[in-house]
Amino acid sequence: MIRNQDQFDVVIEADQRIESDDWMPEDYRKTLIRQIAQHAHSEIIGMQPEGAWISRAPSLRRKSILTAKVQDEAGHGLYLYGAAETLGPDRSELLEMLHTKKQKYSSIFNYPTPTWADVGAIGWLVDGAAIMNQVPLCRCSYGPYGRAMVRVCKEESFHQRQGFQIMLTLAEGTEEQKVMAQEALNRWWWPSIMMFGPPDTESIHNARNMAWGIKRYTNDELRQNFVDASVPQAEVLGLTVPDPDLVWNEERGHYDYGEPDWEEFMQMVRGEGELPAERIRTRLDAHNEGAWVREAAEAYAAKRREVAA
Amino acid sequence: MSPGWPLWEVFVRARRGVNHVHFGSVHAADEETALQAARDLFTRRQEGVSIWVVRSSDVVASDPDDEDELFDPAEGKDYRFPTDYKLPAEVDHM
Ligand SMILES: [Fe+2]
Ligand SMILES: [Fe+2]
């Protein structure tokens, strides 16, 4: 077991894992609680934009798939809340932080989903970007987080594939459907690019989190991987990526791409506007409307104890 | 060994970064001797770096008779697996 800073440093240096009963620096603990909790909040809030389409899915198969995906996202939230709790905070404290906006969720879920094609674009691009982020997190220095990520990553693959398949079906459909797919790509491309966070030059905690083994690649490295993977996929769909600066750079062996609108990103992170307020309201309503279920469970448990005694 | 001793389930973490895994059980008078017994019985060859013992009577297990109703509903839902989605060869590694 790790008892002090020196032993902690040795384990991190050797790229081994920290476990919940180990000593760890207060900042390491705080950083992880925040990151894991915000990751959990994102999974839970992320159920909303897609959940809104379950009742309008175009076939029974698509409805089953989307229901299964939204169930998975709920599960991811629960894996992650469980991992965060190994660091000290209680579940109710974590939810409180979400409900009072003291902790954030990924701003990608502050964009609207006006058409069925958005469900396709989310699966393909948003889950695709999430996978890009989450695969290296499987090797996070904090054991319980890494292990939760392994489970999550196993489940994510179908999310991306079902989304791409929706896009493919639309792209091969009528002219109107093709336009729908293109417009959804236009809406989700830049927000997905910005999911990796601010550029490395402005990312304050990159270096420290890399040294701690919480982060394995910088924001810009992950972003580049995402662009390189997604552009050929858009070509298969016969759709155009909405970036006039996008060009293959032979020398670098990567795509060059344009600068996202970071002002819009910061607005989204601050959660200003009607949609973010609605996300929290919907979440709070679900929580409050579920209060009687929690109370009933407690009353039932108390009664069973009474009967047993 | 007194017949009145409880049974303890033993979980061992093989190394940092992996889950505790169920290794088996031991008889012991209390939690401390259960840990010692587990250590002697299961980690003579450095099989682990951490041991958990849990009183067997504290383990709540699903009823074997409920197996069908608990686990059958997940059957036939192939769409929960990535292999259920046929994609063009160029993007099939996705
Ligand atoms: Fe997820
Ligand atoms: Fe997902």
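Me: Helices (H or I, at least four residues) and strands (E, at least two) here are DSSP runs, numbered from the N terminus. How many helices and strands does chain B have?

Reply: Chain B has two helices and three strands. This is a predicted model, where local features need pLDDT of at least 70, side-chain atom pairs count only at pLDDT 80 or more, and totals for chains, interfaces and linings use all residues; side-chain values use heavy atoms, with hydrogens and water left out. Residues are numbered from 1 along each chain as its sequence is written, while chains are lettered from A and ligands numbered from 1 in the order in which they are written.

Me: In what order do the elements of chain B run?

Reply: From the N terminus on, they go β-β-α-β-α. Chain B is more spread out than a compact globule, because its radius of gyration is 21 Å, well over the 12 Å that the globule rule gives for 94 residues. That radius is taken over C-alpha atoms, and the rule is 2.2 Å times the number of residues to the power 0.38.

Me: What does the C-alpha trace of chain B span along its principal axes?

Reply: About 65 × 35 × 15 Å.

Me: How much of chain B is buried?

Reply: Buried residues are 23% of its 94 residues. Buried means under 20% relative accessible area, exposed over 50%, and partly exposed in between (1.4 Å probe, protein chains only). The accessible surface of chain B is about 6,800 Å², with 52% of it on carbon and sulfur atoms. Those areas come from the Shrake-Rupley method with a 1.4 Å probe; for residues, only the protein chains shown count as cover.

Me: And the contacts in chain B, what share is from residues 24 or more positions apart?

Reply: 43%, taken over contacts with a separation of 6 or more. A contact is heavy atoms within 4.5 Å.

Me: Switching to the metals. What coordinates the iron ion (ligand 1)?

Reply: Glu43(A) (OE), Glu73(A) (OE), His76(A) (ND1) and Glu156(A) (OE), at 2.1 to 2.5 Å. Donors are N, O and S atoms within 2.8 Å of the metal (3.2 Å for Na, K and Ca); water is not among the atoms, so sites may look incomplete.

Me: Why is the arrangement around the iron ion (ligand 1) irregular?

Reply: It is irregular because its four donor atoms subtend angles of 82 to 154°. Four donors count as tetrahedral if all angles lie between 85 and 135 degrees; four count as square planar and six as octahedral if opposite donors are over 155 degrees apart and all others between 65 and 115; anything else is irregular.

Me: How are the donor residues of the iron ion (ligand 1) spaced in sequence?

Reply: E-x29-E-x2-H-x79-E. His76(A) is in helix H4 (residues 60-85) of chain A and Glu156(A) in helix H7 (residues 143-171) of chain A, so this pair ties together parts 80 residues apart in sequence. His76(A) is buried at 0% relative accessible area, and Glu156(A) is buried at 2%.

Me: What about the iron ion (ligand 2), which residues coordinate it?

Reply: Glu73(A) (OE), Asp127(A) (OD), Glu156(A) (OE) and His159(A) (ND1), at 2.0 to 2.2 Å. This site is irregular too, with angles of 85 to 167° among its four donor atoms. The spacing along the chain is E-x53-D-x28-E-x2-H.

Me: How far apart are the two iron ions?

Reply: 3.4 Å, and Glu73(A) coordinates both. Asp127(A) in helix H6 of chain A and Glu156(A) in helix H7 of chain A link distant parts of the chain, 29 residues apart.

Me: Now salt bridges. How many over all chains?

Reply: 19. A salt bridge is a side-chain nitrogen of Lys or Arg within 4 Å of a carboxyl oxygen of Asp or Glu.

Me: What does Lys69(A) form a salt bridge with?

Reply: One partner is Glu73(A), with the closest N and O atoms 3.1 Å apart. Both residues are in helix H4 of chain A, four residues apart, about one turn of the helix. Glu73(A) is buried at 5% relative accessibility. Lys69(A) also pairs with Asp127(A), at 3.0 Å from N to O. Asp127(A) lies in helix H6 (residues 116-137) of chain A and Lys69(A) in helix H4, so this pair ties together parts 58 residues apart in sequence. Lys69(A) is buried at 1%, and Asp127(A) at 4%.

Me: Which side chain does Arg161(A) meet in a salt bridge?

Reply: Asp92(B), at 2.8 Å from N to O. The pair crosses between chains, from helix H7 of chain A to the segment after helix H2 (67-71) of chain B.
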